[in-house]
Amino acid sequence: MNEINIEKFRDGIFALRTRRFGSVAEIMIQKMFHLDNSNMLNYDKFDNKTKDRVEIKFSTVMKSNDNNINDTNVIEQIFKANISQRAINFSDIDVCNFDCNIQQIKCDEYDILYYGLFFADKILIFKMINEDTKCCKGYSNKQHRNNEGEGQFHINNKTIDYHLKNHYVKDIDYKELYDIIK
């Protein structure tokens with residue numbers, strides 16, 4: 001696959017939303033770590049060797065918005081919302097503000113959490129055992145008002161070093177991802 005197609009592949013991933021984007025991350029982790037489908041709604045995959053229930057959560061890394069949308073800047077903000085203007089490379093984490101939300105974490109429903117970040121140039125993969133989730137820097141056991149049993153944590157300029165030092169597994173580029181899932 002040539003460079004233009006890899007770029008289109010990456011841009012297509014960034015354009016996917018919610019469940020469709022999550023499915024790409026789940027397929028990637030399943031193939032990389034030889035996991036099985038869970039056949040359960042509680043967690044994403046299952047490790048038949050260890051009998052671990054596996055949850056998978058990923059986010060795309062985009063520059064933080066510079067302004068809220070209002071009636072005077074709405075068109076400008078729409079034009080600034082495209083991938084080429086907002087997606088950042090890993091090497092830019094010290095100069096571009098970003099905030100990724102790893103959300104809908106149901107700690108009672110998994111043993112292993114694979115999570116990560118899709119940067120413009122590579123994908124970082126992290127792994128956390130269940131017991132470490134509630135101790136994770138920035139973890140909140142509340143995601144929505146009156147919500148019980150579902151939490152979240154943010155990975156941003158202030159917390160990424162914690163994840164790199166404590167839970168980093170590996171990174172791959174988009175050509176490697178393409179080869180993994182094709």
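Predicted model: local features only at pLDDT ≥ 70, side-chain atom pairs only at ≥ 80, totals over all residues.
In which sense do β1 and strand β2 pair, and over how many bridges? I looked: β1 and β2 (residues 45–47) run antiparallel to each other, over 2 bridges. Two strands pair if DSSP finds at least two bridges between them. Helices (H or I, at least four residues) and strands (E, at least two) are DSSP runs, numbered from the N terminus.

Residues are numbered from 1 along each chain as its sequence is written, and side-chain values use heavy atoms, with hydrogens and water left out.

**Sheet.** I traced an open sheet of 6 strands in the order β1-β2-β3-β5-β6-β8, and the pairing is mixed. Its edge strands, β1 (36–37) and β8 (168–172), each pair on one side only. For Asn37, I found Lys45 in β2 as the bridge partner.

**Helices on the sheet.** Helix α2 (residues 18–33) packs there and touches β1, β2, β3 (52–60), β5 (112–118), β6 (123–129) and β8. Contact means heavy atoms within 4.5 Å. The direction of α2 makes about 130° with that of β3. Axes are lines fitted to C-alpha atoms, for helices over the stretch in contact, and angles run from 0 to 180 degrees between N-to-C directions. Helix α7 (residues 174–181) also packs on the sheet, touching β5, β6 and β8, and its direction makes about 95° with that of β8.

**Cysteines.** I searched the whole structure and got 0 disulfides (pairs of cysteine sulfur atoms within 2.5 Å). Cys96 is in none, and the nearest cysteine sulfur, in Cys100, is 12 Å away. Cys96 is buried at 15% relative accessible area, while Cys135 is exposed at 63%. Buried means under 20%, exposed over 50%, partly exposed in between (1.4 Å probe, protein chains only).

**Lys122.** I found Lys122 in the loop between β5 and β6. Lys122 is buried yet has no salt bridge, with the nearest oppositely charged side chain, Asp171, 4.1 Å away. A salt bridge is a side-chain nitrogen of Lys or Arg within 4 Å of a carboxyl oxygen of Asp or Glu; Lys and Arg count as positive, Asp and Glu as negative, and His and the chain ends are not counted. Leaving out residues up to four places away in sequence, Lys122 touches Phe90, Leu117, Asp171, Ile172, Asp173 and Tyr174.
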